[in-house]
Each structure stands twice: as structure tokens, then as C-alpha cells.
Amino acid sequence: MKLRFVAVALGLSLLLSLSAQGQKESLEGHFVPGELLVRFRTDLSKNAVTQVHTAVGANVIRAFEVVPNLQRVRLPTKISVPEAVKLYKKNPNVLYAEPNYIRRATQQAFLTPNDAQFSQLWALHNVGQTGGTPDADIDAPEAWELSTGSSSVVVAVIDTGVDYNHPDLSANMWRNTLDCNSNNIDDDGNGYKDDCYGIDTANNDSNPMDDNDHGTHVAGTIGARGNNSAGVVGVNWTVQIMACKFLGANGSGSDADAIECLQYVKTMKERGVNIVATNNSWGGGGFSQALYDAIAAQMDAGILFIAAAGNESADNGTTESYPANYDLPNIISVAATTHTDSLASFSNFGRRTVHVGAPGSSIRSTTRNNTYSTFSGTSMATPHVTGLAALLKAHNPARDWIALRNLILSSGDPKSSLDGKTITGRRINAYAALTCTDAPLFAVLKPSATAGGAPVTIAVLNINCASPAGVLTVTINPGGTVVTLVDNGVAPDLAANDGIYAGTWTPGDLCALGTYTLDFSNGQSLTVQLGGTVGSYGCSSAALGWRTIAGTNLNLGDDTVATISSPFPIRFGSASYTNLYVSTNGALSFHQTTIPYT
């Protein structure tokens with residue numbers, strides 16, 4: 001075992017003074033994910049041992065001689081450590097099975113980088129140094145014991161650009177090596193000349209140099225170089241940052257330029273660049289179907305889209321903020337928290353629309369020209385989440401966008417300030433995400449309320465750590481209608497096996513007003529108001545009935561027009577008419593004898 005995970009030396013006092021039960025509870029989650037230590041009876045044959053492992057689906061990593069028949073095993077991803085312990089213990093041939101616990105020397109509780117301004121980064125490690133609440137942070141040093149990042153993982157910062165010459169960023173910048181020669185030739189054939197660090201769609205060139213500071217600040221939180229004795233450190237000590245500049249020096253940019261950035265990212269992903277996520281600390285404007293479609297294409301390519309919730313102190317459930325509000329499974333919308341774990345006063349929120357909180361107030365990071373600055377905003381919260389996505393990918397390269405998203409959401413620390421303000425009610429925790437073993441999360445995504453009449457989509461997030469937690473049913477009362485919620489990627493479900501389960505309920509009465517209770521099969525319930533008024537309009541049911549109309553049949557065919565002669569002149573505008581032309585498609589005219597179906 002590596003020294004940073006385990007401190008086993010004579011004279012070291014380990015933190016193991018609790019009782020057996022207390023020890024089990026306090027160390028829950030503090031073990032190597034996906035591993036067990038299993039010891040068998042000494043008289044057991046190798047074939048019998050193999051059969052036990054096969055039944056669990058585990059593989060032997062190492063056998064120990066110091067303890068006969070003790071083995072270190074790797075578990076399949078579908079089985080948690082506590083579940084595997086129970087399975088092994090059921091077998092009479094197993095003497096014991098236990099987690100591969102992580103031990104630490106008492107003199108050093110976690111891995112601390114030597115970056116000069118690390119003590120100012122309360123969001124990564126909060127000891128109250130800024131007057132905040134100790135441990136109101138993402139537990140970065142604890143997470144760094146397990147991973148400090150990887151140069152094989154790439155994240156794209158879609159922003160005002162990045163100062164790729166900054167000494168705290170340059171070593172972690174992604175480089176498109178074929179085009180890092182300034183020869184004004186598209187050497188890799190991707191449509192852009194000399195796109196060494198990315199592209200600039202705001203100025204239609206391939207130089208994404210920051211001229212605003214915003215993008216450079218975001219990049220530093222994701223991946224300022226760690227342990228280099230200078231400046232700050234990002235969530236990842238090592239990572240590759242791709243820059244795509246679509247926001248100009250004034251901090252604004254168009255949807256078309258943002259879409260071109262997303263197209264570039266997707267293209268490079270398809271060319272083999274290991275792009276995990278895009279950071280999108282921007283927003284404003286209305287709903288754009290084109291931007292929605294471009295983000296959906298990112299999902300198809302396996303890329304997370306992590307977005308700032310906005311800084312208007314608004315409820316995104318009633319005042320929509322895009323792109324954070326797009327209903328797509330690969331989007332994580334991020335609210336900002338403070339050094340006391342409060343929701344920042346400026347931060348947008350949303351019980352059904354904003355996923356999670358992250359530190360975003362008074363965040364220290366890199367800015368242009370070898371400088372450092374402190375900014376606040378959901379823009380600063382978002383790169384903490386993006387950085388965590390990259391760290392999770394570095395820790396386990398097999399994780400796809402679904403596993404990354406689910407781990408980020410399910411492993412966060414529950415906070416009262418975010419309860420009812422976000423989907424999860426949680427602030428992210430990097431260490432908990434990397435060591436997640438049993439963290440169930442159930443949250444209703446739809447509906448919050450509905451005006452009645454139309455079919456109602458019911459969607460819930462039902463996950464445990466990285467994995468979907470299973471099909472649910474919901475019983476709707478009054479009426480007792482039962483709807484099965486499935487995760488198969490067929491509408492209304494948007495992506496298969498991602499942990500979001502959806503179904504459709506069609507009320508029997510188109511104007512079924514009133515309060516309904518949704519009782520889920522896992523014991524959760526939700527009350528929604530169906531119907532009522534929308535603005536000055538209401539809905540009520542009319543009694544069924546008909547009347548027979550006497551008169552002359554117009555004998556209309558498909559797309560035809562009939563003439564009706566009036567016994568009196570009809571005044572319309574400045575003229576009077578005696579003929580009225582009626583089309584099959586419902587159009588009336590005083591002058592068109594032929595009326596197009598359109």
C-alpha cells in the first residue's frame with residue numbers, strides 16, 4: 001500500500017481507539033472503494049476458494065503469506081463494499097471479510113500541497129481562516145490522498161478564454177500538438193489553423209487568450225498546477241484544460257459562438273481527446289432550441305455540461321435561467337455557497353431546477369498576467385464541480401458521464417441552507433465522491449405543479465452513488481392511478497440507465513382541478529396542485545351534449561370551398577358583402593373563391 005494511504009510503522013499511534021461497533025461507524029466510507037480483505041479456512045482447496053470468489057464476481061489482487069489464506073480482492077462495480085461483506089460472511093468457509101480500510105498517521109491527516117496561497121482557499125480546506133465555519137468545504141486534501149488528477153483527463157472551459165501562459169496554468173493546458181507550430185496551416189484537418197490551446201469563436205480565430213480574467217479564474221479553480229510552491233492550487237493538481245473563447249472582453253457572447261465551441265469540443269472528443277466535461281459559467285437570454293440541441297449532442301458524445309445557476313437571487317423554477325435550466329440529463333446546474341455553508345445571497349436556486357451547491361463566494365484563483373484575484377458568483381462555484389468531475393475520472397477512468405454525475409450529486413453533504421433550494425439539498429464533497437459506497441439519493445424532478453388538462457410527466461432522480469437505484473411506481477390519489485417510472489431512454493425518459501426514472505400520467509378529467517398526492521413505492525410522497533388558473537384563465541368541465549343543425553349541406557370535400565349567399569349585406573371594414581366563402585379547413589373569406597389549406 002502507498003504511504004499516503006496507509007501509515008504502518010512502529011511507534012505510530014493509529015486512530016483506532018473506538019469500540020468495534022463505533023469503529024465500524026466512524027470508518028464507514030474510509031476504505032478503498034471496490035476492495036475487500038477476505039480470509040478462508042486453512043484447509044480449503046484452491047478450487048473451493050475460487051468458487052466462492054466467482055459467486056460474488058470478485059477477482060484476487062494479491063494473496064498474503066503472513067496471514068495464511070488471506071486475500072485482497074477486487075469487487076465488480078455493481079456490488080458495494082458492505083453488500084460484498086455480507087455475501088462473503090454467509091459462506092461458512094470464510095473466516096472473515098472486511099473493507100480494505102484506509103489508515104493515516106496521526107501527525108498528518110491529509111495531503112497538503114505547498115502552493116503559497118493554499119491557506120486562502122477556504123473552499124478546498126476550511127479551518128475558519130476567513131471567519132467561516134470549519135469544514136464548510138469540499139474536503140479536497142482528503143480527496144487528494146486518493147487522487148490529485150491526471151494529465152490524461154481533459155476539461156473544456158467555454159468562457160472568455162484562458163491565459164495559457166500563466167505559470168500556474170501553462171503546465172496543465174491541453175495542447176493540440178499537431179497545430180502548435182504557428183504555420184497558419186490546419187495540420188490536423190479539424191477546420192482550424194494553429195488551434196494549439198483551443199479556439200476563439202468570438203473573434204473567429206484560433207487564439208483563445210483571455211482578455212477579461214473570468215475564464216482564467218475559472219480555469220484556476222479546476223486545475224491550477226498543484227504542489228509547485230507558487231500561487232494557488234485547483235481541485236486537480238494535474239489535468240488538461242482546453243480553452244474555447246466565445247465571450248468577448250466585455251463578458252458577452254452569442255449562442256452561435258457558444259454552439260461552435262460545443263461543436264469543436266465534440267469534434268475533438270470524437271477524435272480521441274478524453275474530454276470529460278465542459279465548464280459553462282455563463283447565462284442569460286431566453287430558451288434556444290439550437291443551444292439545447294448542441295448540449296444534447298454533448299450528451300450523445302459522453303460529455304457533462306456543468307452550468308452556473310445564475311446570480312440574480314432568483315428561483316430558477318419560476319424565472320428560467322439558461323443554459324442551466326435546460327431539461328437534459330448531462331447538465332449539472334450549480335448554486336453558490338459561502339464559507340459558512342449558507343446559500344450565497346446572490347445565488348439563484350431551484351428545488352426542481354438547480355442540482356447542487358458548491359463554494360462560490362470570495363474564491364481565490366488565477367487571473368491574467370501572472371496575477372491572482374478573489375471573485376464571487378455561481379461562475380466560481382461551477383468550476384469546483386467541473387474539477388470534481390475530472391478528479392473522479394482520474395481516480396477511475398472507467399467512469400462515464402452518468403457515473404460522474406451521479407457520484408457528484410449523491411455524495412454531497414446535506415445542508416439545511418440548500419434543502420428545498422436545490423434538487424439534492426447538498427453541497428459537493430470531493431472525498432465522499434471518491435469513496436462513495438452507500439449514498440442513496442431520491443429527488444422529484446417533475447412535476448412541481450401543473451395547469452391541468454395535458455398529460456403530466458413524472459420524473460425522479462433515484463440513484464445510489466454512481467448507479468441507478470431501480471424502477472419505481474407511483475400511486476396518484478385521489479383516483480388510485482398507478483404509473484411505473486422507467487429508465488429506458490424512451491420518452492418521456494431522456495437517457496437510458498442514468499438513474500432518472502420517468503412516466504406519464506394523464507388525468508381522466510381534462511380540467512381535473514385540485515390537490516393530488518403522489519405516493520412512490522420507496523415510501524416517499526409529493527403533493528402537487530393540478531389545474532387552477534393560469535393568469536386570468538381558468539378551466540372547468542362542460543356537460544356533454546349536442547344539437548342537430550338544420551339547413552343546407554355544403555357538401556365540402558378535402559381542401560374545397562363553398563359559397564354562401566347572405567340575404568342581407570354584411571358590413572366588414574369599409575365595404576359590404578353578400579357572398580361568404582367557407583373552406584373545409586375552417587377559413588372564411590369575403591373575396592377569395594379559392595382558399596389555400598395553409
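Trainee: Is Cys180 buried, partly exposed or exposed?
Mentor: Keep in mind that this is a predicted model. Buried would need a relative accessible area under 20%, and exposed would need over 50%. Cys180 has a relative accessible area of 33%, so Cys180 is partly exposed.

Trainee: Which residue forms a disulfide with Cys180?
Mentor: A disulfide needs two cysteine sulfur atoms within 2.5 Å. The sulfur of Cys180 has such a partner 1.9 Å away, and that partner is Cys196.

Trainee: How many residues apart in sequence are the parts that Cys180 and Cys196 tie together?
Mentor: Both cysteines lie in the loop between β5 (149-159) and β6 (198-200). Cys196, at 11% relative accessibility, counts as buried. The torsion about the S-S bond is about 90°, so this disulfide of Cys180 and Cys196 is right-handed. The parts that the pair ties together are apart in sequence by 16 residues.

Trainee: Is the link of Cys244 and Cys261 right-handed or left-handed?
Mentor: Cys244 and Cys261 are joined by a disulfide with an S to S distance of 2.1 Å. The pair links distant parts of the chain, with Cys244 in strand β7 (residues 238-245) and Cys261 in helix α6 (residues 255-270). Cys244 and Cys261 are both buried. The angle about their S-S bond is -90°, and the link is left-handed.

Trainee: What is the relative accessible area of Cys465?
Mentor: Cys465 is joined to Cys436 by a disulfide, S to S 2.0 Å, and the torsion of about -85° makes that disulfide left-handed. The pair links distant parts of the chain, 29 residues apart: Cys436 is in the loop between α10 (430-434) and β16 (440-446), and Cys465 is in the loop between β17 (456-464) and β18 (467-468). Cys436 counts as buried at 16% relative accessibility. Cys465 is buried too, with a relative accessible area of 6%.

Trainee: How many disulfides does the count come to?
Mentor: The rule is a pair of cysteine sulfur atoms within 2.5 Å. By this rule, the count of disulfides comes to three.

Trainee: Let us move to the salt bridges. Which residue forms a salt bridge with Asp213?
Mentor: Asp213 is in the loop between β6 and α5, and its partner is 155 residues away, in the loop between β12 (363-367) and β13 (371-375). The closest N and O atoms of the two are 2.9 Å apart, and the partner is Arg368.

Trainee: Which residues do salt bridges with shared partners join into one network?
Mentor: Start at Arg427 in strand β15 (residues 426-427), which counts as buried at 0% relative accessibility. Its side chain meets that of Asp341 in a salt bridge of 3.0 Å, N to O, and that of Asp413 in another of 2.9 Å. Asp413 lies in strand β14 (residues 413-414), 14 residues from Arg427. The network joined by shared partners is made of Asp341, Asp413, Lys415 and Arg427.

Trainee: How many salt bridges does a search of the whole structure find?
Mentor: The pairs of Asp213 with Arg368 and of Asp341 with Arg427 are among them. The number found in the whole structure is 11.

Trainee: Which strands stand at the edges of the open sheet of four strands?
Mentor: The order in this sheet is β20-β19-β22-β23, with antiparallel pairing. A strand at the edge has a single partner strand, so one side of that strand is left without a neighbour in the sheet. The two at the edges are β20 (481-485) and β23 (525-530).

Trainee: What is the bridge partner of Thr475 in β22?
Mentor: Strands β19 (residues 472-477) and β22 (residues 514-520) run antiparallel and are joined by four bridges. In β22, the partner of Thr475 is Asp519.

Trainee: One more: is Thr221 buried or exposed?
Mentor: Thr221 is found in helix α5 (residues 214-223). Leaving out residues up to four places away in sequence, Thr221 touches residues including Gly234, Ile363 and His384. With a relative accessible area of 6%, Thr221 is buried.

Methods. Residues are numbered from 1 along each chain as its sequence is written. This is a predicted model: local features need pLDDT of at least 70, side-chain atom pairs count only at pLDDT 80 or more; totals for chains, interfaces and linings use all residues. Side-chain values use heavy atoms; hydrogens and water are left out. Buried means under 20% relative accessible area, exposed over 50%, partly exposed in between (1.4 Å probe, protein chains only). Contact means heavy atoms within 4.5 Å. Two strands pair if DSSP finds at least two bridges between them. A salt bridge is a side-chain nitrogen of Lys or Arg within 4 Å of a carboxyl oxygen of Asp or Glu.
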